Amino acid sequence: MMGLRRLVFGLFALLAIVQPGPARAQALVADLSDHFIAITTGFIGTDVLLFGAIEGDGDVIVVLRGPTGKELVRRKSRVAGIFVNDKDMAFVNVPTFYSVSSNRPLAEILSTNVRMRHEIGFDTLRFTPERAAGAADLPLADTFRQALIRNKQNAELYVEDPGKVVFLGARLFRTRVYFPSNLPTGSYTADVYLVRDGAVISAQSTPLVVSKVGFGAEVYDFAYQWPMAYGALAVLLALFAGWIAALVFRRT
Amino acid sequence: MDIYLPIAEISENVFVLLALGAGVGFLSGLFGVGGGFLTTPLLIFIGIPPAVAVATGANQTLAASVSGTIAHFRRGNVDFKMGGILVAGGIVGSVFGIWLFGLLRKLGQLELAISFAYVLLLGSLGPLMIIESWRAMRRQGATGLPQRKLHQHTWLHGLPLKMRFPKSRLYVSALLPLGLGCIVGVLSAIMGVGGGFIMVPAMIYLIGMPTLVVIGTSLFQIIFVTANVTFLQATQNQTVDVLLALILLVGAVIGAEFGTRFSARLRGEQLRALLGVIILAVGLKIFVDLFLPPFDLYSLAFAP
């Protein structure tokens, strides 16, 4: 009976979080300056503006999540003076892109437990090793996990930036999210959280699509969907280009 | 001006790529070499993923070899019988090489294997060229070259399956060109080169072919083998970036034109010594990189 009562109580608490009462309706509104990022042949990375307004006081956290996938992390060790890949570990459900910005450091706004619930912050990401690690392997798995996050950070695909959310007066806020040129394609979501007294009192989710367009996209799709035709075309193109070059600079 | 390369999936400055193509093209015009063995390492130096650099290098070598082949074909400097056997060996070798390429990639050892192959080849080729041209320079002034036989006979010529090659005036075992073509095919698949720098000396010194038909016949083989490598890389690994290959080719064509004009002003031995130094320098750089601690011991890899 105790278990059931706790469950019912927990459900009510959850409803209170995700469905704020009518009095708090529209506690948070936010939108992106772009809902579509086109990776064209000239793509060198882009900034997207996220802006919104809150009702009453509170802190704002903005999380951009890319599609999840599998990532392989390799470790190099020194063998006879040479650095050689000697161990690897695959992780599943890894966000290809993950960026958190807030108006204050996350630790000051939310407890770890609440952050875990909403996956806010690198340490709360729920990706796991593909093969479940035994108890003895846990420290190793953690090292690989940290390495994955570090590599993603170096590639500018994982970003944690407290202070990037700026308030204009008491109600309006904005932040700028940078998407680098090596951006993975797919469906992204921008989640905005309004936090008051250590609890998320309102949240809004906005979709964002990243897609290759134009010539580059067509080449890529062609190469992966019709590899035989692409290979044959690459050969013919090289022969033709070489022949044209020979004609242009015909030697006597 | 940055350009997004669709298969390499990164942006590169188009002028850097053109300059790279032109630089290698200049050298190939100057020295009469394909230059694939410089294109691939240079692409890796500027950040192109090694798997893409190798496959695209083969595609670019194919394009760059066309004009030379046409010229030699017109002059009748191609031994088609010998070339056909070299091609047969090359097809077998490149199919095996592509399989090995895929296997090494899965094991995470592809980049190391590419580096090793380049260190071995450039590290032995560079010094050989320097020594050879040094000797040639010292021989200058002395009376002309000693008269040589048409070709030296070694145990290699006695292998079974002997065949007549009227164009090359040879009666040697077909296993010789078959094996040579095969080795070059493997190198082409793993290193993205045409392999002329190995094939030409081997055809002259091991098989004993007359110098006149060697270049044309090796180019004939390179066309077929790099075409096969391009096709197999595209179908099995999706690593051929045609946009990158075309940009490199534009640079290479212009560079080669200047290289050819410039070569008239330099002596052959000096040219070979210079090329030897460049080859040795690239080989040394790859060798040293093997020992330097990477930026991060952990890296994200292509997940199969």
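Tyr4(B) sits across from Ser11(B), a residue of strand E2(B). This is a predicted model, so take what follows as a description of a prediction.

The two strands here are E1 (residues 2-5) and E2 (residues 10-13) of chain B, which pair in the antiparallel sense over four bridges. Together, E1(B) and E2(B) make a hairpin, with four residues between them. Look in the turn for Glu9(B), which has a positive phi of about 60°.

Now for the helices. In general, a packed pair of helices is described by two things: the angle between their axes and the distance between those axes.

Helix H1 (residues 14-31) of chain B packs on helix H2 (residues 36-45) of chain B at an angle of about 155°, and their axes are 10 Å apart. Angles over 145 degrees count as roughly antiparallel, so H1(B) is roughly antiparallel to H2(B). The crossing of H1(B) past H2(B) is right-handed.

Which residues meet? From H1(B) come Leu20(B), Val24(B) and Leu27(B), and from H2(B) come Leu38(B), Thr39(B) and Leu42(B). By class, the residues of this H1(B)-H2(B) contact are five nonpolar and one polar, with no charged ones.

## H3 against H5 in chain B

Helix H3 (residues 50-74) of chain B and helix H5 (residues 110-139) of chain B pack at about 50°, with 9 Å between their axes. That angle makes H3(B) oblique to H5(B).

On the H3(B) side, the contact is made by Pro50(B), Ala51(B) and Val54(B), while H5(B) brings Leu110(B), Glu111(B) and Ile114(B). Sort the residues of the H3(B)-H5(B) contact by class and you get five nonpolar, no polar and one charged.

## Two domains in chain A

Over in chain A, there's a division into domain 1 (20-66 + 93-212) and domain 2 (213-252). How far apart are the centres of domain 1 and domain 2 of chain A? Taken over C-alpha atoms, 41 Å separate the centres of these chain A domains.

The two domains do touch: the contact takes six residues from domain 1 of chain A and six residues from domain 2 of chain A. On the domain 1 side, strand E2 (36-39) and strand E13 (199-212) of chain A each supply at least two residues. By class, that side of domain 1 of chain A has two nonpolar, three polar and one charged residues.

How values were computed. Residues are numbered from 1 along each chain as its sequence is written. Chains are lettered from A and ligands numbered from 1 in the order in which they are written. This is a predicted model: local features need pLDDT of at least 70, side-chain atom pairs count only at pLDDT 80 or more; totals for chains, interfaces and linings use all residues. Axes are lines fitted to C-alpha atoms, for helices over the stretch in contact, and angles run from 0 to 180 degrees between N-to-C directions. Angles under 35 degrees count as roughly parallel, over 145 as roughly antiparallel, 65 to 115 as roughly perpendicular and the rest as oblique. A crossing is left-handed if the near helix is turned anticlockwise from the far one by less than a right angle, and right-handed if clockwise. Two residues are in contact if their C-beta atoms, placed from the backbone, lie within 7 Å. Ala, Val, Leu, Ile, Met, Phe, Trp, Tyr, Cys and Pro count as nonpolar, Asp, Glu, Lys and Arg as charged, and the others, Gly among them, as polar. Domain bounds come from an automatic or database domain assignment. Two strands pair if DSSP finds at least two bridges between them.
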